[in-house]
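Subject: Structure handover

Hello,

Here is the structure you asked about, followed by notes on what was found in it. Please read the notes with the model open beside them.

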Amino acid sequence: MHHDKDASPPPPGPVTAGDCAQLLADLRGTVPLVQCVTNAVVTNFTANVLLAIGAAPAMVDLPGEARQFAPVASGVLLNLGTPTGPQREAMLEAADAANSAGTPWVLDPVAVGFLTLRTETAATLASRRPTIIRGNASEIIALAGAGGGGRGVDSVDEPDAALDAARSLASRHGSVVAVSGAVDAIVPPSGTVVGVANGTPLLTRVTGGGCALGAVMAAFASLTPDPLLAAAAATGAYTLAAEAAAARAAGPGTFAVHFLDALAALAPDDVERGLQLQESL
Amino acid sequence: MHHDKDASPPPPGPVTAGDCAQLLADLRGTVPLVQCVTNAVVTNFTANVLLAIGAAPAMVDLPGEARQFAPVASGVLLNLGTPTGPQREAMLEAADAANSAGTPWVLDPVAVGFLTLRTETAATLASRRPTIIRGNASEIIALAGAGGGGRGVDSVDEPDAALDAARSLASRHGSVVAVSGAVDAIVPPSGTVVGVANGTPLLTRVTGGGCALGAVMAAFASLTPDPLLAAAAATGAYTLAAEAAAARAAGPGTFAVHFLDALAALAPDDVERGLQLQESL
Amino acid sequence: MHHDKDASPPPPGPVTAGDCAQLLADLRGTVPLVQCVTNAVVTNFTANVLLAIGAAPAMVDLPGEARQFAPVASGVLLNLGTPTGPQREAMLEAADAANSAGTPWVLDPVAVGFLTLRTETAATLASRRPTIIRGNASEIIALAGAGGGGRGVDSVDEPDAALDAARSLASRHGSVVAVSGAVDAIVPPSGTVVGVANGTPLLTRVTGGGCALGAVMAAFASLTPDPLLAAAAATGAYTLAAEAAAARAAGPGTFAVHFLDALAALAPDDVERGLQLQESL
């Protein structure tokens, strides 16, 4: 419906704009329930992003509740931005319960590298084989053990420099690794890397601009057995909405507000028409 | 002042639009101090809603501080959205201190039913006889022991189906029970149910759309000995502001922003003219 | 560049609008990394304020991580709004680590006075000699031991009445003390008080309106050895952006959004032209 495969040119690789558009349509019909164990800074924004795109947030991050909820969740996000003691315990519970139940889950190793506590927790969680690992270049390099990490939550390495680290991490843990940047790179355990060239620098001027994408990836991962497609479709929908919001924004404040409107208004056809996929990064 | 009782038709029941309008005027003159023990996702939005309508938020949720503060608060909200260990302890402290001091308090049993920990905490708190219990249909049914609970924080039962559960809960604990829905139902321990037909579905697309209403109910409950009137007036003011915001919104992002503006701009006359009360639900 | 010293009238005192303008230019070039141990209500808004003005937020508030991060941070904010047990431990760690490393730090004693736990913690932290102490009149009076504190987080004392308390606190701890109000007063350990007459009452209608200013002060304090200048420049930039936002706002919701845009758009020239400094308060 959303694209005529016979009339289109051959797809550019293993992920097509049409597949991503279809996945957004599926999300709207399914309303995936996304459990988030995420940091205190972005929990409100993350829940609003999930609601806006058409998913249902469940910010269930307590020991006991995390284990109980992960099997009934459609997808799970574990984000290390402010990893309190109870949250670290809840993350291990949720990862194990998700793995037992077959629930897909996303790891976001926020600001790992310099800070010992979260770096150790991230390594432990990565060894549980997340469906998707999402971070900026510094975080992916640090998690792969290939570098010393970034400057707090900022990325100081270029995404291209992180590709080797992402490939290593992806193959070690059997995860798809998504590296954010001017072009977002989605790296499978083996095979072709997918690039998504959409987006706007304003996403880096709003706290949670990356973190909320992890939650959206968890929503999309519940809709397909192919986590490469899920990560690409989530990134595409997210960054296309960000582009639409940037066109109406006068700064980071209005951008964040219009971004929620744009996520809610985004149609599968917008994805099919606007998505800029790249194959060889 | 706000309405001419001689010229008006007879009031439709125990709660009138004029009474609700007067209570908003009282709130503006009193600036009630509302202590909130609430979840991490909505604490910012809840504080901003209270400030916007003209109350003073005090997000005092630590053991020790919660007990000390409840007697000087005008009203207290206990919301179970992310019930950490310290928050559960603080909620029990605040409920007992509020009861001893005669401070009205509101219980919001977020997502009870499936999750054991919060369901047990909610039952314990309900037995402390809250002034008002506020939730969606699933939560009220689950708390009343009449059903298995909803799908996380979403309501999967129709408000009408929750009326029996609300009546049972209200009579058991001597509380007014407010059930949100297309028509919000306010159920007293005995007597006539009040319906409020204002509102917009956009309130369900912003996280905290229900949670913040609980805080507003705590503010209104400090202004009158009649919790049925307090819950109805809070619901009316809140949903009328939501209608005004929806008329200006292009999506959930702009809606939330205009909602805060609309709460601040809402006049008692707007309540008297716009409130749609129903008596027999 | 930003002002012609020969053509200008003599500066009105130890802090000039030109100095404040230059410090904003320095901030944009430096992107200070600001560690925040702050309350759950305002952590999102605080991070977005820092990003908007051109600093980098790091909401690192866990024991272990707080101690590790403070020496690499440009500046540190310790805010007592919701002082959980782990946060109180992290604040002591961060204060000591900041002092050892020479990192400037700001103490915001939110709502001290009536509440025992936070009042004791604030006294302990104040004795560690913060670079800057920031609060409203009630909080400064309470921390100085000169009064009984305010009504929760609201200020019930006039800023002028707090000047004696601020002078006492400043001289006791060697800190610059900033008292918010219609005219913000910046009080050095000895010497002339600086007043900043910019601002809008809408800042008190958004939760975190004061708290986020503390984080901005920590950013500015990293740029100069003169904390009086840092506090004045931070207050000036913040309140000038607030004035610009108020001019476009229809209420507290739109104000908060435009405020972030205005912080990002604020130019050093705007500070030089618009800043209203006062010397004798």
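Helix H2 of chain C, residues 43–53, is mostly covered, with ten of its eleven residues buried. The buried residues are Thr43(C), Phe45(C), Thr46(C), Ala47(C), Asn48(C), Val49(C), Leu50(C), Leu51(C), Ala52(C) and Ile53(C). Just after H2(C) comes Gly54(C), which takes a positive phi of about 115 degrees. Please keep in mind throughout that this is a predicted model.

Chain A overall

For chain A as a whole, there are eleven helices and nine strands. The chain has 281 residues, and 60% of them count as buried. Taking the contacts in chain A between residues at least 6 apart in sequence, 71% join residues at least 24 apart.

The sheet in chain B

Chain B holds an open sheet of nine strands with mixed pairing, in the order S2-S1-S3-S4-S5-S6-S7-S8-S9. Strand S2 (56–58) and strand S9 (277–278) of chain B stand at the edges; each has a single partner strand, so one side of each is left without a neighbour in the sheet. Strands of a sheet pair through backbone hydrogen bonds, and the pairing is either parallel or antiparallel. In chain B, strand S3 (residues 75–79) and strand S4 (residues 105–108) run parallel and are joined by four bridges. Within S4(B), Trp105(B) is the residue that stands opposite Val76(B).

Arg134(B) sits in strand S5 of chain B, residues 132–136. Is Arg134(B) buried or exposed? Its relative accessible area is 5%, and buried means under 20%, so Arg134(B) counts as buried. Which side chain does the side chain of Arg134(B) meet in a polar contact of 3.1 Å? The partner is Asp108(B). A polar atom of the Arg134(B) side chain also lies 3.2 Å from the backbone oxygen of Gly210(B). Not counting residues up to four places away in sequence, Arg134(B) touches a set of residues that includes Val106(B), Leu107(B), Asp108(B), Pro109(B), Gly210(B), Cys211(B) and Met217(B).

Ser175(C) lies in a loop of chain C, between helix H7 (163–173) and strand S6 (176–180). The relative accessible area of Ser175(C) is 0%, so this residue is buried. With neighbours within four places in sequence left aside, the contacts of Ser175(C) are Arg129(C), Pro130(C), Thr131(C), Ile133(C), Ala170(C), Val187(C), Pro188(C) and Pro189(C).

The interface of chain A and chain C

How many residues does each chain bring to this contact? Chain A gives 27 residues and chain C gives 27 residues. Between them the two chains bury about 2,000 Å², with 61% of that area on carbon and sulfur atoms. One salt bridge is found across the interface. In this salt bridge the side chain of Arg118(A) meets that of Glu65(C), at 2.5 Å from N to O. On the side of chain A that touches chain C, helix H5 (116–126) and helix H10 (252–265) of chain A each supply at least two residues. The largest share comes from H10(A), with four residues. By class, that side of chain A has 13 nonpolar, nine polar and five charged residues.

The interface of chain B and chain A

Here the contact takes 27 residues from chain B and 27 residues from chain A. The area buried between chain B and chain A is about 2,000 Å², 61% of it on carbon and sulfur atoms. One salt bridge is found across this interface. Arg118(B) forms the salt bridge with Glu65(A), and the closest N and O atoms are 2.5 Å apart. Ten residue pairs are in polar contact between chain B and chain A, with both residues at pLDDT 80 or more. Helix H5 (116–126) and helix H10 (252–265) of chain B each supply at least two residues of the side of chain B that touches chain A. H10(B) gives the most to that side, with four residues. The side of chain B that touches chain A has, by class, 13 nonpolar, nine polar and five charged residues.

Regards

Technical notes: Residues numbered from 1 in each chain as written. Chains lettered and ligands numbered in written order. Predicted model: local features only at pLDDT ≥ 70, side-chain atom pairs only at ≥ 80, totals over all residues. Heavy atoms only, no water. Contact = heavy atoms within 4.5 Å. Buried area = accessible area lost by both parts, 1.4 Å probe. Salt bridge = Lys/Arg side-chain N within 4 Å of Asp/Glu carboxyl O. Nonpolar A, V, L, I, M, F, W, Y, C, P; charged D, E, K, R; others polar. Buried < 20%, exposed > 50% of the residue type's maximum accessible area, 1.4 Å probe, protein only. Pairing = 2+ DSSP bridges. Polar contact = N/O pair within 3.5 Å; in protein donor to acceptor, adjacent residues only side chain to side chain.
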